[in-house]
Amino acid sequence: MIKRRTFLNLAAGATAVHLLTQCAKRGSRQPSHTNLSNTLQQTRVYQSNAGSLAVDLHASSTYVTFGDRLANLLTYNSSFPGPTLEASPGDTVRLTLRNELDTPTNLHYHGLHISPDVDNVFRNIPPGEQYTYEFQIPNNHPAMTGWYHPHYHLNVASQVFRGLAGPLIIRGDVDRIPEIQQADEAILMLQDIEPIPDPALQEPHPLGKRWGREGNLVLAHGFQNPVVNVPQNGLLRLRLINSSASRIYQLQLKDHPWFLMATDRGAIAEPKELQTLLLSPGERAEMLIPGHREPGEYQLINQPYDRGVDDIISSFGDEVHQMTGVVKPTQTTVATLRYVEGDRPTPLPLPKQLIPVEPLPLPTITREFVLNHGLDSTAESTGFTINAQSFVMDRINTRVRLNDVEDWHIVNNATIDHPFHLHTNRFQIIERNGQPEPLSAWKDTVSLKGNETVTIRVRFDDFVGRTVYHCHILDHEDQGMMGILEIQAA
Ligand code: C2O
Ligand code: CU
Ligand code: CU
């Protein structure tokens, strides 16, 4: 059954509320890790049970109303964002995806260290068909906040932009630290969408498509400015996932301290206070927010951020901002953090230590990756390039050996930002613009502003096969800013 449509309701109001009609059917609802208030229906959480996580997902088109606006989104199990998947090291996962869209799709497990034969972005699940992914979470997999989303080349931007994405949580060591154990948890997937009833009739404007489409409606876990509870005297662990197609967030928590505790691939050594959190598409951050201030409401703000496209776009005149996929930079409140009474007479402190980040050994090989836009005659494309090549199916761009440590010097020769993402293996950022990187952390996506350079260090652990690296502004990826990496046996 293709194109089944379900209706979702959304009540109007400062804090938007929507009702998912299809939710109470399968699996267990698990409310303890979600504390968004005013939600009539939480996004479902599927947790592994006795070492196994079995999930059926169907991707379909769904109507959702936002105030008086009707949007036609693409959703997993009619849920926006998709259900949360939660597992632990050693668990087996069996996930069946049924494609009820009218275009081919597949799944990518962004952040998971599993074989690229399973997490295979070249797989095609045609409309009307289904596929079952089966794999085990490695026993030594770090705890992290990841996410899943479609990765079928040429359809990635349009499918993610219309809503296809869901959180993927791995539990582990960091979850057993006493203060973390006692923290409340919330997840906010940051998505920007264009609330239109018929996307087929309103394709993004060519400028949006070229530079990366953005939506006028910024949503945090499916809601406009939802309320997230902060337990007074307690700790809130807030997982932030940028699952927007192109938008880069510049986040600030107004008048309230917050502390970074984990990046893309898991915990850092100790909590680190931040003023501003820059989160590019694909990136994740876990923040600790101590409820130690004056009880009240505190706003999580997104400050306008220019990824180098504002001048290019506004040179076409102001009307261009009326076009689908092109937005005017504005400040928005992403979520409101509200103190709620807790049962602690004294404040729960921040943990002093989290998980040490062991530095990788020195590299044996160094390579360069130059990001730019231009003509690649071999790919017959005028698109986006890495080392002057646009993506071609089956063309291997880079060959590496299992267990080798390499430094990748990434050079952004363009004037606009490009977030560089590597599948399968995590990396450490060694330097940026020639300066050593102060924070030691595990990452899988790193954003480069125009004309910046970054050096990342990666070890190719555990898995051979073909995987990819690409720009996570998904329109750029679809226009060729992706390469195939073959990891060969040592
Ligand atoms: Cu989140 Cu290759 O992607
Ligand atoms: Cu990925
Ligand atoms: Cu890019």
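With 490 residues, a compact globule would come out at a radius of gyration near 23 Å, and the protein chain has 21 Å, which agrees (the radius is taken over C-alpha atoms, and the globule rule is 2.2 Å times the number of residues to the power 0.38). Keep in mind that this is a predicted model, where local features need pLDDT of at least 70, side-chain atom pairs count only at pLDDT 80 or more, and totals for chains, interfaces and linings use all residues. On bookkeeping, residues are numbered from 1 along each chain as its sequence is written, chains are lettered from A and ligands numbered from 1 in the order in which they are written, and side-chain values use heavy atoms, with hydrogens and water left out.

**Overall build**

- The C-alpha atoms of the protein chain fill a box of roughly 65 × 50 × 45 Å along the principal axes.
- The protein chain has five helices and 33 strands; these are DSSP runs numbered from the N terminus, with helices being H or I of at least four residues and strands being E of at least two.
- Of the 490 residues, 61% count as buried (buried is under 20% relative accessible area, exposed is over 50%, and partly exposed is in between, using a 1.4 Å probe and protein chains only).
- Take the contacts between residues at least 6 apart in sequence: 77% of them join residues at least 24 apart, where contact means heavy atoms within 4.5 Å.

**Strands and sheets**

- An open sheet is built from five strands in the order β14-β22-β21-β16-β19, with mixed pairing; two strands pair if DSSP finds at least two bridges between them.
- β14 (227-231) and β19 (276-279) sit at the edges with a single partner strand each, so one side of each has no neighbour in the sheet.
- Neighbouring strands of this sheet are turned by 25 degrees against each other on average, direction ignored (axes are lines fitted to C-alpha atoms, for helices over the stretch in contact, and angles run from 0 to 180 degrees between N-to-C directions).
- Inside that sheet, β21 (residues 297-302) and β22 (residues 332-340) run antiparallel and are joined by six bridges; Asn302 has Thr332 in β22 as its bridge partner.
- Elsewhere, β12 (residues 184-193) runs antiparallel to β13, with four bridges between them, and Asp192 has Val218 in β13 as its bridge partner.
- Strand β13 (residues 217-220) is covered on both faces: Leu217 and Leu219 are buried on one side, Val218 and Ala220 on the other.

**Salt bridges**

- Side chains of opposite charge can pair when their charged atoms come close.
- The structure holds 31 salt bridges, each being a side-chain nitrogen of Lys or Arg within 4 Å of a carboxyl oxygen of Asp or Glu.
- Arg176 and Asp173 make one of them, with the closest N and O atoms 3.0 Å apart, and both residues are exposed.
- Asp376 pairs with Arg395 in a salt bridge with the closest N and O atoms 3.2 Å apart. This pair links distant parts of the chain, 19 residues apart: Asp376 is in the loop between β23 (365-373) and β24 (384-386), and Arg395 is in the loop between β24 and β25 (396-401).
- Asp407 and Arg457 form a salt bridge at 2.7 Å between the closest N and O atoms. Asp407 lies in β26 (residues 405-412) and Arg457 in β31 (residues 453-459), so the pair ties together parts that are 50 residues apart in sequence.
- Asp407 is buried at 9% relative accessible area, and Arg457 is buried at 11%.
- Shared partners join the salt bridges of Glu86, Arg171, Asp175, Glu185, Arg237, Arg239 and Glu286 into one network.

**Asp475**

- Asp475 is part of helix α5 (residues 474-478) and counts as buried at 3% relative accessibility.
- Leaving out residues up to four places away in sequence, Asp475 touches Ala157, Gly208, Lys209, Gly212, Arg213 and Ser246.

- Phe80 and Pro81 are joined by a cis peptide bond, with omega about -5 degrees; Pro81 lies in the loop between β5 (69-76) and β6 (84-87).
- Asn77 is in the loop between β5 and β6 and has a positive phi of about 50 degrees although it is not a glycine. Asn77 counts as buried at 7% relative accessibility.
- Asp255 also isn't a glycine, yet has a positive phi of about 60 degrees. Asp255 sits in the loop between β16 (249-253) and β17 (258-263) and is exposed, with a relative accessible area of 63%.
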